[in-house]
Amino acid sequence: MSLPTPTPSASPTSELPSARPAAPEAAPTQADLLDFVRRIAADRDLVASLPLDPEGRTWVRLEGPGGSEAWLIGWPPGTGTGWHDHAESVGAFLTASGELKENSLAARLPADGWQTLELSEGVDRKRQLAAGQGRAFGRHHVHEVLNESLTEHAVSVHAYYPPLPQIRRYSRTGQVLRLESVERPKDWQ
């Protein structure tokens, strides 16, 4: 399922041979992505159209602003992502229904060249995100997202720019973070 992307109307001078070529569309910012996920989450019909599975997460890819990648995701009770990052992409997500919890690290990790890191004390952040609440984040943001409800599904909207080149998955034991795998788009589409 994709949403139509409005196209700007041509100005009268854009068809003249002497007109300058149009400037490329600016990359969406974190604020643009957060605004987009808010608008999509407010579309109750779209949110309600997501098929929900009691056993596992479900998702539908959406057309995001400015060439971004976007997803509508359903979360059965007790599901989560595990620790991961979105590599070089900035992003935003918002809970459309239910409640999600985000655990994140307030620390920038090295981009490459490591397998295990000892995290400093005080880097953990926790957020409860009820329906209508969300956040934007920068590159290399490491987090996990969970639906801790025992009975209720949650639905969220996510957007990333540039489209996800990879997702790095981590395991965590206490203050030790270990890189476990690297996924590419072909692994999840």
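Analyst: Leu62 has Ala70, in β2, as its bridge partner. The strands β1 and β2 are joined by 6 bridges and run antiparallel; two strands pair if DSSP finds at least two bridges between them. Helices (H or I, at least four residues) and strands (E, at least two) are DSSP runs, numbered from the N terminus. In general, strands of a sheet pair through backbone hydrogen bonds, either parallel or antiparallel.

This is a predicted model, in which local features need pLDDT of at least 70 and side-chain atom pairs count only at pLDDT 80 or more, while totals for chains, interfaces and linings use all residues. Residues are numbered from 1 along each chain as its sequence is written, and side-chain values use heavy atoms, with hydrogens and water left out.

The pairing of β1 with β2 belongs to an open sheet of 5 strands, whose order is β1-β2-β10-β4-β8 with antiparallel pairing. At its edges lie β1 and β8 (134–137), each of which pairs on one side only. On average, neighbouring strands of this sheet are turned by 15 degrees against each other, direction ignored. Axes here are lines fitted to C-alpha atoms, for helices over the stretch in contact, and angles run from 0 to 180 degrees between N-to-C directions.

The helix α1 packs on the sheet and touches β1, β2, β4, β8 and β10, where contact means heavy atoms within 4.5 Å. The direction of α1 makes about 20 degrees with that of β4.

Leu62 also has a place in the largest nonpolar core, which has 20 residues; Val37, Leu62, Leu72 and Val157 are those with the most contacts inside it. Such a core is a set of buried Ala, Val, Leu, Ile, Met, Phe, Trp, Tyr and Cys residues joined through side-chain atoms within 4.5 Å. Buried means under 20% relative accessible area, exposed over 50%, and partly exposed in between (1.4 Å probe, protein chains only). The elements that give two or more residues to this core are α1 (30–41), α2 (44–49), β1 (58–63), β2 (69–75), β4 (90–97) and β10 (154–161). Its largest share, 6 residues, comes from α1. A second, separate core of 12 residues includes Trp71, Leu129, Phe137 and Val145.
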